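Subject: Structure handover and findings

Dear colleague,

I am passing on the structure we spoke about, with the sequence alongside. Please open it first, and then read the notes below with it in view.

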Amino acid sequence: QVQLVQSGGGLVQPGGSLRLSCAASISIFSIYTLGWYRQAPGKQREMVAVITGSGSTGYADSVKGRFTVSRDNAENTVYLQMDGLKPEDTAVYYCNADVASIQYRGNYWGQGTQVTVSS
């Protein structure tokens with residue numbers, strides 16, 4: 001199976017920055033799409049950012065221009081750089097992998113990490 005281990009959450013002030021990391025237990029060459037989702041209290045889980053194997057990215061309108069998703073194939077890791085954080089960004093953030101390989105095909109989630117933006 002595929003394991004996704006997240007790190008990098010925490011408490012920051014409005015306007016601050018955080019970088020989230022998600023390390024996969026397999027080569028991310030085998031992963032069709034890597035993405036970040038978040039869920040705030042009382043809200044549905046929503047897509048924040050995605051990146052494909054070809055490097056194509058997509059973002060929710062609410063984070064465009066502030067968040068950047070990237071991947072490091074050598075480290076089997078996907079990142080979410082969050083700049084200009086706002087209180088409404090407060091949520092639990094989850095890493096997701098859609099795996100295309102025959103051996104590990106499936107959809108996997110990280111454990112989640114809390115991001116709190118508050119003064």
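What follows is a description of the strands, the core and the salt bridges.

Please keep in mind that this is a predicted model, in which local features need a pLDDT of at least 70 and side-chain atom pairs count only at pLDDT 80 or more, while totals for chains, interfaces and linings use all residues. Residues are numbered from 1 along each chain as its sequence is written, and side-chain values use heavy atoms, with hydrogens and water left out.

I begin with the sheet. Strands here are DSSP runs of E with at least two residues, numbered from the N terminus, and two of them count as paired if DSSP finds at least two bridges between them. An open sheet of four strands runs in the order β1-β3-β8-β7, and its pairing is antiparallel. Its edge strands, each of which pairs on one side only, are β1 (4–7) and β7. From one strand to the next the twist averages 15 degrees, where axes are lines fitted to C-alpha atoms and angles run from 0 to 180 degrees between N-to-C directions. Within this sheet, β7 and β8 are joined in the antiparallel sense over six bridges, and aspartate 72 stands opposite threonine 77 in β8.

The hairpin of β5 and β6 has four residues between the strands, and glycine 55 in its turn has a positive phi of about 95 degrees. β5 is mostly covered, as five of its seven residues are buried, where buried means under 20% relative accessible area, exposed over 50% and partly exposed in between, with a 1.4 Å probe and protein chains only.

Next comes the interior. A nonpolar core is taken as a set of buried Ala, Val, Leu, Ile, Met, Phe, Trp, Tyr and Cys residues joined through side-chain atoms within 4.5 Å. The largest such core has 31 residues, and those with the most contacts inside it are Trp36, Leu80, Met82 and Tyr93. At least two of its residues come from each of β3 (18–24), β4 (31–39), β5 (46–52), β7 (67–72), β8 (77–82), β9 (91–99) and β11 (113–117), and β9 gives the most, with five residues. Contact means heavy atoms within 4.5 Å; leaving aside neighbours within four places in sequence, tyrosine 93 is in contact with residues including Leu20, Tyr37, Arg38, Val48, Leu80, Met82 and Val115.

A salt bridge is a side-chain nitrogen of Lys or Arg within 4 Å of a carboxyl oxygen of Asp or Glu, and a search of the whole structure finds four of them. In one, aspartate 89 is bridged to arginine 38, the closest N and O atoms being 3.0 Å apart; this pair links distant parts of the chain, with aspartate 89 in the loop between β8 and β9 and arginine 38 in strand β4, 51 residues apart. Aspartate 89 counts as buried at 1% relative accessibility, and arginine 38 is buried too, at 6% relative accessible area. Arginine 66 also forms a salt bridge with aspartate 89, with 2.7 Å between the closest N and O atoms. Because arginine 66 lies in the loop between β6 and β7 and aspartate 89 in the loop between β8 and β9, the pair ties together parts that are 23 residues apart in sequence. Arginine 66 is buried, with a relative accessible area of 13%, and salt bridges that share partners join Arg38, Glu46, Arg66 and Asp89 into one network. Aspartate 61 forms a salt bridge with lysine 64, the closest N and O atoms being 3.0 Å apart, and aspartate 61 is exposed, at 65% relative accessible area.

With kind regards
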